[in-house]
Amino acid sequence: MISTKDGLLRCPWAYSDELTLRYHDDEWGVPSHDDQHLFMMLILEGQQAGLSWHGILKKMSTMRAAYNDFNPQILAAYDSEKVAELLNDPGVIRNRLKVKAAITNAQAYGHLCDRHGSLDSYLWSFVDGEPIVGNWETQDQIPSTTPLSDTISRDLKRIGFTFVGPTIVYSYLQAVGVINDHVNACSFKDINRDSLPTSETEILPTADDTAAPSGRHDSGGEKDCESLGEVVGIEYGAHFAG
Ligand SMILES: [Zn+2]
């Protein structure tokens, strides 16, 4: 655990670089109920497989642009031309399996919504709406899978998702706050995120937050399957037929 001059303690992994620190402070472990955010994070966790999360954070803004802000309704309708375009875009993870997985998972998201209403209601039903709070003194005590991640992984695969192995799912559950795995001494474990001081450049000597994910605390940001359809001006389900 490292103390910085902003007086806050953090999980050790937060200090690897500025982007990671911002992510740790602003996003990681904050309960998300915004379907578009939940979908985007599921895709990004899959895109990360075998790579560093820092690499994903660096490409976050270019990936959001290339993938239509990860709107599942739009992704589900991507054609081979769009796949080729993505595979030529240095701003995304240029792996054919991962690009295809984003599309497959957008289609699976439609099936999930048909059955469960939203990814939000689906995901949080596994924990009765309450985050599981870890009890970890050190970072290396934190597991990479649990029976819960095994269960959700199996179920997502059954619905049709890919790149959703138990390790990816566990990391996802941590990211979207279904599991709070900040170590016990971390100042961000119990803090009210809305009242956090915004982390500014004094924490680390260099700052390049232009690509940092933003907007997740914007009011009125919650979206479900239906409203995502409205956002892009199509009727929900139109791209998921058949
Ligand atoms: Zn932490």
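This is a predicted model: local features need pLDDT of at least 70, side-chain atom pairs count only at pLDDT 80 or more; totals for chains, interfaces and linings use all residues.
Student: What makes up the chain, and in which order do its elements run from the N terminus on?

Tutor: The chain holds ten helices and four strands. From the N terminus on, the order is β-β-α-α-α-α-α-α-α-β-α-α-β-α. Of the 242 residues, 38% are buried. Among contacts with a separation of 6 or more, 75% join residues 24 or more positions apart.

Student: Why is I93 called buried?

Tutor: A residue is called buried if 20 or more other C-beta atoms lie within 10 Å of its own. I93 has 21 other C-beta atoms within 10 Å, and therefore I93 is buried. I93 lies in the loop between α5 (80-87) and α6.

Student: Which residues does I93 touch, not counting residues up to four places away in sequence?

Tutor: With those set aside, I93 touches Q47 and K98.

Student: Why does R64 count as partly exposed?

Tutor: The cut-offs are 20 or more neighbours for buried and 12 or fewer for exposed, with partly exposed in between. R64 has 18 C-beta neighbours inside 10 Å, so R64 falls in the partly exposed class. The residue belongs to helix α3. Not counting residues up to four places away in sequence, R64 touches D69 and F70. R64 and G91 are 27 residues apart in sequence, and their C-alpha atoms are 9.4 Å apart in space.

Student: What is known of the length and course of helix α3?

Tutor: Helix α3 spans residues 53-66 and has 14 residues. From its first C-alpha to its last, α3 reaches 18 Å, close to the 20 Å expected at 1.5 Å a residue. The helix bends by about 60° at M60. Just after α3, N68 takes a positive phi of about 50°.

Student: Which residues of α3 are buried, and what covers them?

Tutor: L57, K59 and M63 are buried in α3. The cover over the buried residues of α3 includes α1 (18-26).

Student: Why is α1 described as roughly perpendicular to α3?

Tutor: Angles of 65 to 115 degrees count as roughly perpendicular. The two helices pack at an angle of about 90°, with their axes 9 Å apart. That angle lies in the stated range, so α1 is roughly perpendicular to α3. At this packing, L19, T20 and Y23 in α1 meet H54, L57 and K58 in α3.

Student: How do you know that the span of α6 agrees with its number of residues?

Tutor: At 1.5 Å a residue, the 21 residues of α6 should span 30 Å. The end C-alpha atoms of α6 are 29 Å apart, and therefore the two values agree. Helix α6 is followed by G117, whose phi is positive, near 90°.

Student: Which residues of α6 are buried?

Tutor: The buried residues of α6 include K98, V99, A101, A102, I103 and N105. Also among them are A106, A108, Y109, G110, L112 and C113.

Student: Which residues of the largest nonpolar core touch the most other members, and which element gives the largest share?

Tutor: This core has 47 residues, of which F39, M41, A102, V169 and Y172 touch the most other members. Elements that give two or more residues to this core include α1, α2 (35-48), α3 and α6 (96-116). The largest share, nine residues, comes from α6. A second, separate core of six residues includes C11, L21, C186 and F188.

Methods
Residues are numbered from 1 along each chain as its sequence is written. Two residues are in contact if their C-beta atoms, placed from the backbone, lie within 7 Å. The expected span of a helix is 1.5 Å times one less than its number of residues. The bend at a residue is the angle between axes fitted to the seven residues ending there and the seven starting there. A nonpolar core is a set of buried Ala, Val, Leu, Ile, Met, Phe, Trp, Tyr and Cys residues joined through C-beta atoms within 7 Å. Axes are lines fitted to C-alpha atoms, for helices over the stretch in contact, and angles run from 0 to 180 degrees between N-to-C directions. Angles under 35 degrees count as roughly parallel, over 145 as roughly antiparallel, 65 to 115 as roughly perpendicular and the rest as oblique.
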